[in-house]
Amino acid sequence: MASTTEHTGSEALGVGSIVGESFSILFKNFITVILLALVPTLLSSMIAGMMVGADVALGAADPDFSTSSGVTTWVLTILLQVVFYALTTALLVQLAYDAKLGRRLQVGRYFAPALQAAIPVAVLTTVAGILTGFATLALIIPGLWVYAVFSMVAPAVVIEKAGFGGLGRSAALTKGYRWPIFGALLLIGICAGIGGFLASFAAGLLEGVGSWAMTAGFSVVAAFGAGLSGISVALIYARLREIKEGVSVDQIASVFD
């Protein structure tokens, strides 16, 4: 759990350093990161494809909202994708700390904590997304601010076992650093967005091969964005713990030893 020591200095978050290290960890462990992100992403895409059709799951066609069953299926598909995204993030948070410390990656060890955290992370991520959406409708700046407030939900749940208290923990941890956090996540998001564009382009190239080939191609490229995002969130969380509580990455990673 969190240390009771509170550091009150005005240390910088180090946005450039975090973004650079996120890419470094990604490329040094590229195959492992992509595979770890790809498995949940591909499963999510395939299951969604079976539920609503591959074209709809990829965004190439509109969902069927003409019947209540169509709406229900679409909502279930979205919820399923959120759960798989939460699982991916929980896996990558653990990998990021082993990679940062230069330790041997132990992928098999990551799954039990990730599975335990998946549902709380998914629920809290959904709640945070709804709050961000409402704030954005009111005014764009508060929306971005709210996004940063709850950005540390996943590591709080995975590392600290915060459970459904993850929203409050994230809010406390990000206090005083929300705009720098948003800046870092924006840069990462732009890179992930480029990955999403490439995923759509790859899906278009595979259109003649078949919808399931399109799904596979999309998932492979989308895994890049998920991997980069998960790593960056883990590094931001570690930096916040270091600044505000004097907790080192070694201490954070020791939770899983």
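Pro 113 is buried, with a relative accessible area of 16%; buried here denotes under 20% relative accessible area, exposed over 50%, and partly exposed the range in between, with a 1.4 Å probe and protein chains only. The model is predicted, and local features therefore need pLDDT of at least 70, side-chain atom pairs count only at pLDDT 80 or more, and totals for chains, interfaces and linings use all residues. Residues are numbered from 1 along each chain as its sequence is written, and side-chain values use heavy atoms, with hydrogens and water left out.

Pro 113 lies in helix 5, where helices (H or I, at least four residues) and strands (E, at least two) are DSSP runs numbered from the N terminus. Apart from neighbours within four places in sequence, Pro 113 is in contact with Gln 94 and Phe 256, contact meaning heavy atoms within 4.5 Å. Gln 94 is 19 residues from Pro 113 along the chain, and the two C-alpha atoms are separated by 9.0 Å. Helix 5 spans residues 107–138 and bends by about 40° at Ala 118, with Pro 120 following within four residues. The bend at a residue is the angle between axes fitted to the seven residues ending there and the seven starting there. Among the buried residues of helix 5 are Tyr 110, Ala 114, Ala 118, Pro 120 and Leu 124.

The protein contains eleven helices and zero strands. Of its 257 residues, 45% are buried. Among contacts with a separation of 6 or more, 76% join residues 24 or more positions apart.

The largest nonpolar core has 66 residues, and Tyr 97, Ile 159, Ile 181, Ile 236 and Leu 240 touch the most other members. Helix 10 (residues 211–245) provides the largest share of this core, 13 residues. A nonpolar core is a set of buried Ala, Val, Leu, Ile, Met, Phe, Trp, Tyr and Cys residues joined through side-chain atoms within 4.5 Å. In soluble globular proteins, nonpolar side chains tend to be buried together. Beyond its neighbours within four places in sequence, Leu 240 is in contact with Leu 13, Met 152, Leu 173, Thr 174, Tyr 177, Ile 181 and Glu 245.

Helix 7 (residues 153–160) is largely enclosed by the rest of the structure, because eight of its eight residues are buried. These include Pro 155, Ile 159 and Glu 160. Lys 161 follows helix 7 and lies in the loop between helix 7 and helix 8 (166–174). Lys 161 has a positive phi of about 55° although it is not a glycine, and at 47% relative accessibility it counts as partly exposed. In helix 6 (residues 140–149) lies Val 149, which is buried with a relative accessible area of 5%. Outside the four places in sequence on either side, Val 149 is in contact with Ser 170, Ala 171, Thr 174 and Arg 178. Val 149 and Arg 169 are 20 residues apart in sequence and 9.7 Å apart in space, C-alpha to C-alpha.

Nine salt bridges are counted, each being a side-chain nitrogen of Lys or Arg within 4 Å of a carboxyl oxygen of Asp or Glu. Glu 21 and Lys 100 meet in a salt bridge with an N to O distance of 2.9 Å. Glu 21 lies in helix 1 (residues 15–28) and Lys 100 in helix 4, so the pair ties together parts that are 79 residues apart in sequence. Glu 21 is partly exposed at 24% relative accessible area, and Lys 100 is partly exposed at 33%. Another salt bridge joins Glu 160 to Arg 169, with the closest N and O atoms 2.8 Å apart; Glu 160 and Arg 169 are both buried. A network of salt bridges links Glu 160, Arg 169, Arg 241 and Glu 245. Glu 242 forms a salt bridge with Arg 239 at 3.0 Å between the closest N and O atoms, and the two residues, three apart in helix 10, are separated by about one helical turn.
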